[in-house]
Amino acid sequence: LAAASLIPRLGGSASAQAAEIDYSGQPFVGSADAPVRMLVFFDFLCPHCANFAETVSSVLRREYVSDGRLAIYFANFPVIAPQGMSRTLAIVGECVNRQGRDAFGQLEPVLLRAQSTLNTAARAIDLAEQAVPGLDRGQLEACVQGAETAGLVDDDVRLAQRLGVRGTPTVFVDGQLVANPTLANVRRAIDDALAR
């Protein structure tokens with residue numbers, strides 16, 4: 001119950017100037033050549049993130065990602081259990097991302113829908129094995145036990161802190177914070193970026 005008080009509100013701090021963001025190495029869906037980039041700071045255990053994935057990201061994937069106009073990038077910001085299960089799931093996600101260009105995009109909605117059952121790394125690995133065709137479970141387990149991908153999660157947290165992110169999901173479109181990331185507001189930000 002104490003964790004519930006740690007669920008930050010949607011969004012982050014306001015910024016008029018586009019933030020400098022290095023997208024290299026971040027998991028993403030869409031084309032690397034897409035003219036617009038959206039970055040979502042998220043936590044696999046955040047209920048707001050699950051709702052965002054269901055009601056916003058899934059629509060954007062159909063409307064903008066499918067035709068190559070948008071790439072959605074993901075950055076870890078473990079807030080629900082920053083040193084516990086949220087961090088472990090972030091590491092699982094980073095390790096899945098290493099197994100293929102589309103692997104993370106297949107895993108992300110599955111883990112978010114399964115939040116209530118995600119209490120062990122083994123459960124997350126089981127779901128990853130089901131969600132991602134051709135996933136090498138042994139390689140995934142070894143990666144999760146290793147320290148290298150934990151550093152990637154730490155890098156994401158440092159980026160979030162540099163950008164003033166205080167909650168999940170926090171959304172940036174071409175470096176501009178979308179203060180209240182509803183579907184309408186994110187669509188408007190994407191359309192504005194496409195028009196520039």
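## Basis

Residues are numbered from 1 along each chain as its sequence is written. In this predicted model local features need pLDDT of at least 70 and side-chain atom pairs pLDDT 80 or more, while totals for chains, interfaces and linings use all residues, and side-chain values use heavy atoms, without hydrogens and water.

## Disulfide

A search of the whole structure finds 1 disulfide (a pair of cysteine sulfur atoms within 2.5 Å). Cys95 is joined to Cys143, with an S to S distance of 2.1 Å. Cys95 belongs to helix α2 (residues 85-97) and Cys143 to helix α5 (residues 137-145), so the pair ties together parts 48 residues apart in sequence. Helices are DSSP runs of H or I with at least four residues, strands are runs of E with at least two, and both are numbered from the N terminus.

The torsion about the S-S bond of Cys95 and Cys143 is about -80°, so the disulfide is left-handed.

## Burial of cysteines

Cys95 and Cys143 are both buried (under 20% relative accessible area, with a 1.4 Å probe and protein chains only). Cys46 is buried at a relative accessible area of 0%, and Cys49 is buried at 3%.

## Cavity

The structure holds 1 cavity of 30 Å³ or more. On a 1 Å grid over the protein atoms alone, a cavity is a set of points where a 1.4 Å probe fits but cannot get out; lining residues have an atom within 4 Å of a point. The largest cavity has about 50 Å³ of space, the volume being that filled by probe spheres set on the points, which are joined across faces, edges and corners.

Its lining includes Cys49, Phe52, Glu108 and Pro169. α1 gives the most to the lining of the largest cavity, with 4 residues.

How values were computed:
Buried means under 20% relative accessible area, exposed over 50%, partly exposed in between (1.4 Å probe, protein chains only). On a 1 Å grid over the protein atoms alone, a cavity is a set of points where a 1.4 Å probe fits but cannot get out, and a pocket is an open set with protein on both sides within 12 Å along at least five of seven lines; lining residues have an atom within 4 Å of a point.
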